[in-house]
Amino acid sequence: MGDRDLILDNLTTDSGFFLEFDRDITAFQSRFQEVRLVESKTFGLVLLLDGKIQSTQVDEFIYHEALVHPAMFGHPDPRSVYIAGGGEGATLREVLRHDSVREAVMVDLDRQVVGMSREYLASWHQGAFDDPRTRLLFDDARAVLEREDRTYDVIICDLSEPVDDGPSYMLFTQEFYRLCSKRLNPGGILVTQSGCPSFIYSVSFQSVTLTLESVFTNVSPYLAFIPSFASSWGFTMAGNSPLLPAVAPEILQERIKPLAQELRYLDLDFIPAIFSIPKHLKDAKRSIGRIIRDGEPLIVI
């Protein structure tokens, strides 16, 4: 490929995709991970952590709307929200679109990533860090839940993939989800990104879903296609009360209405479709997935 500037993002040890970029914007090693921001013709600004694409200027709205709003619309009155991770500020941005929210607690381990996002990713955060409803903490999201004896209506896990020695692999375990369950108000909902559900590499998606099923009464996995990930991406909601797929259409319509003009990916017609899981993925859950535990964490490449 000559002298072209390329990023190779692996899906498995022997497959992946490349992205050609025009220039580096910034790159540094934080205390916790390798951080890089580049610019490409296809996707605009591209954020990478530990060499893996996290979000891009062109399609970040797909990931962040898909992560946030099914849980927020599934709750009748989400007032308090806890965000684990979310350094770009876009998850926080989407949470704060809901007028019912009185406080959004965002906990990100990496102060340097948030600082970089403030400087370069204004189209992601859109001032959400400075919203009076925001409480921003630079800490371990699990440690904060263990330390603070308070509860939330919605917990959103916007985490990087659980790579070896990365900052997030202990936030995908059964023990962590049990802690989250204790920190949810009655009727509360947890949602997490749950990895690539591709038939060639769906262990993360299957295992996160199985692990949540071992903790919560109701679990709903769903999918969104993210062009910059070159794949559909998995998300999983969980709670001990009925979740969004069980919300009556007329109620869902009322909950969506205030945001209808702001949302670019989700609408009333499309939301039911994201919960349609292909048969081969449903069949693979028991054969590929496993319960993730602190002593046996999930590590992806």
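1. Tyr222 is buried, and Phe275 is buried as well; buried here means under 20% relative accessible area, with a 1.4 Å probe and protein chains only. The model is predicted, so local features need pLDDT of at least 70 and side-chain atom pairs pLDDT 80 or more, while totals for chains, interfaces and linings use all residues. Residues are numbered from 1 along each chain as its sequence is written, and side-chain values use heavy atoms, without hydrogens and water.

2. The whole structure holds eight aromatic pairs, meaning rings of Phe, Tyr or Trp (its six-membered ring) with centres within 6.5 Å; planes under 30 degrees apart are stacked, over 60 edge-to-face, and the rest tilted. Phe176 and Tyr177 make a tilted pair, because their planes stand at 55° with the centres 5.9 Å apart. Phe176 has a relative accessible area of 0%, and Tyr177 is likewise buried at 0%.

3. The rings of Tyr222 and Phe275 are also tilted, at 55°, with centres 5.2 Å apart. This pair joins distant parts of the chain, 53 residues apart: Tyr222 lies in strand β12 (residues 218-226) and Phe275 in the loop between α9 (271-274) and α10 (279-288). Helices (H or I, at least four residues) and strands (E, at least two) are DSSP runs numbered from the N terminus.

4. The largest nonpolar core has 53 residues, and Val95 and Met237 have the most contacts inside it. Helix α1 (residues 60-74) contributes the most to this core, nine residues. A nonpolar core joins buried Ala, Val, Leu, Ile, Met, Phe, Trp, Tyr and Cys residues through side-chain atoms within 4.5 Å.

Notes: Buried means under 20% relative accessible area, exposed over 50%, partly exposed in between (1.4 Å probe, protein chains only).
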